[in-house]
Amino acid sequence: MSVLDQLKQFTTIVADSGDFESIAQYKPQDATTNPSLILAASQKSQYAHLIDDAIKYTQEKSGSADEKLKLATDKLLVNFGSEILKIVPGRVSTEVDARLSFNTEATIAKALSIIKLYEEIGVNKNRILIKVASTWEGIQAAHILETEHQIHCNLTLLFGFAQAVACAEAGVTLISPFVGRILDWYKKSTGETYTSTTDPGVISVSKIYNYYKKFGYKTIVMGASFRNTGEIEELAGCDFLTISPALLGDLQKDNKSLERKLSPDNAHSADVEKVSFFKDEAAFRWELNQDAMATEKLSEGIRNFAKDGVKLENMLKERLSL
């Protein structure tokens with residue numbers, strides 16, 4: 001049995017891609033997208049019809065040039081998401097514009113707009129996870145979306161423990177702690193090399209998983225942003241893992257025996273104290289500030305997603321002749 005098949009026995013596998021053909025190959029439960037993945041996929045000729053449809057849809061609507069551009073972008077994301085849902089049996093994550101990461105009200109409005117576009121084409125909101133950056137404002141927005149609108153959220157760009165705790169207290173459906181990007185930061189800042197067991201990203205996600213299970217939080221922990229299969233194997237047993245097609249392929253080819261590393265039973269004996277951040281903005285910001293890695297990687301992630309979002313907009317702007 002392949003490592004991938006063994007992993008599926010105790011972890012839900014999610015495909016981290018906007019490329020349908022790659023997703024279908026590995027039969028994941030869910031799929032995640034982001035502006036960078038959609039930008040990459042939109043360059044492929046086989047997906048041109050999705051862009052054409054977004055352009056046609058937008059041209060039939062009234063509004064300012066800026067409103068039309070934003071609508072075309074959202075429609076394109078939804079087009080990709082709806083196609084992915086024809087392949088995966090579960091849910092797809094669609095990301096809110098990263099430039100709204102510090103605006104609670106605008107994040108909520110954008111999420112509602114995306115859900116409306118999905119519902120127009122017959123996709124139930126229960127099959128969608130709205131991806132929001134794990135800023136203070138993003139977490140507050142997700143809480144409102146979950147409790148007042150019954151919209152499921154995936155809190156992304158999560159690097160620090162305070163972010164994870166606040167998300168659990170907010171009652172969000174799922175979080176995406178970024179394993180590989182944490183490792184990148186530590187390798188660059190310390191000059192050290194790490195094994196799979198000493199990998200700071202693996203340690204971070206393991207701590208979050210154990211904390212959630214020990215204190216009974218229902219929020220799903222979905223490890224993301226992997227650099228190698230060793231990181232994935234060390235998180236065997238984590239609720240969900242979202243994995244790129246390349247690493248899914250490596251796991252499929254490997255037939256060694258896989259040991260489960262994380263489990264609710266082991267988590268109950270974890271040596272960790274309960275803390276709280278969701279209702280204390282000052283404490284949240286201070287704790288995040290004290291974690292240089294989390295502060296820097298969150299900011300960098302928002303900038304990079306925003307940059308790719310703008311590239312996507314520019315491509316559509318040209319097609320719309322705005």
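Author: A crossover is right-handed if, with the strands pointing away from the viewer, the path from the first strand over the helix to the second runs clockwise. Here S3, helix H6 (residues 104-120) and S4 make such a right-handed β-α-β unit, and S4, helix H7 (residues 136-149) and strand S5 (residues 153-158) make a right-handed one too. This is a predicted model, where local features need pLDDT of at least 70, side-chain atom pairs count only at pLDDT 80 or more, and totals for chains, interfaces and linings use all residues. Residues are numbered from 1 along each chain as its sequence is written, and side-chain values use heavy atoms, with hydrogens and water left out.

Reader: What makes S3 and S4 a pair?

Author: Two strands (DSSP runs of E, at least two residues; helices are runs of H or I, at least four) pair if DSSP finds at least two bridges between them. Strand S3 (residues 92-95) and S4 have four, in the parallel sense, so they qualify. Thr94 stands opposite Ile130 in S4. On to S5: S4 pairs with it in the parallel sense over four bridges, and Val132 has Leu155 as its bridge partner there.

Reader: Why is strand S4 called mostly covered?

Author: Buried means under 20% relative accessible area (exposed is over 50%, partly exposed in between, with a 1.4 Å probe and protein chains only). Six of the six residues in S4 (residues 128-133) are buried, so the label holds. Ile128, Ile130 and Val132 point one way and Leu129, Lys131 and Ala133 the other, and all are buried.

Reader: What makes the second largest pocket a pocket, and what lines it?

Author: A pocket is an open set of points on a 1 Å grid over the protein atoms alone, with protein on both sides within 12 Å along at least five of seven lines. Lining residues have an atom within 4 Å of a point, so Phe159, Tyr186 and Lys207 are among those that count. The largest share, five residues, comes from H10; helix H9 (179-190) and helix H10 (200-214) are the elements that give two or more.

Methods: On a 1 Å grid over the protein atoms alone, a cavity is a set of points where a 1.4 Å probe fits but cannot get out, and a pocket is an open set with protein on both sides within 12 Å along at least five of seven lines; lining residues have an atom within 4 Å of a point.
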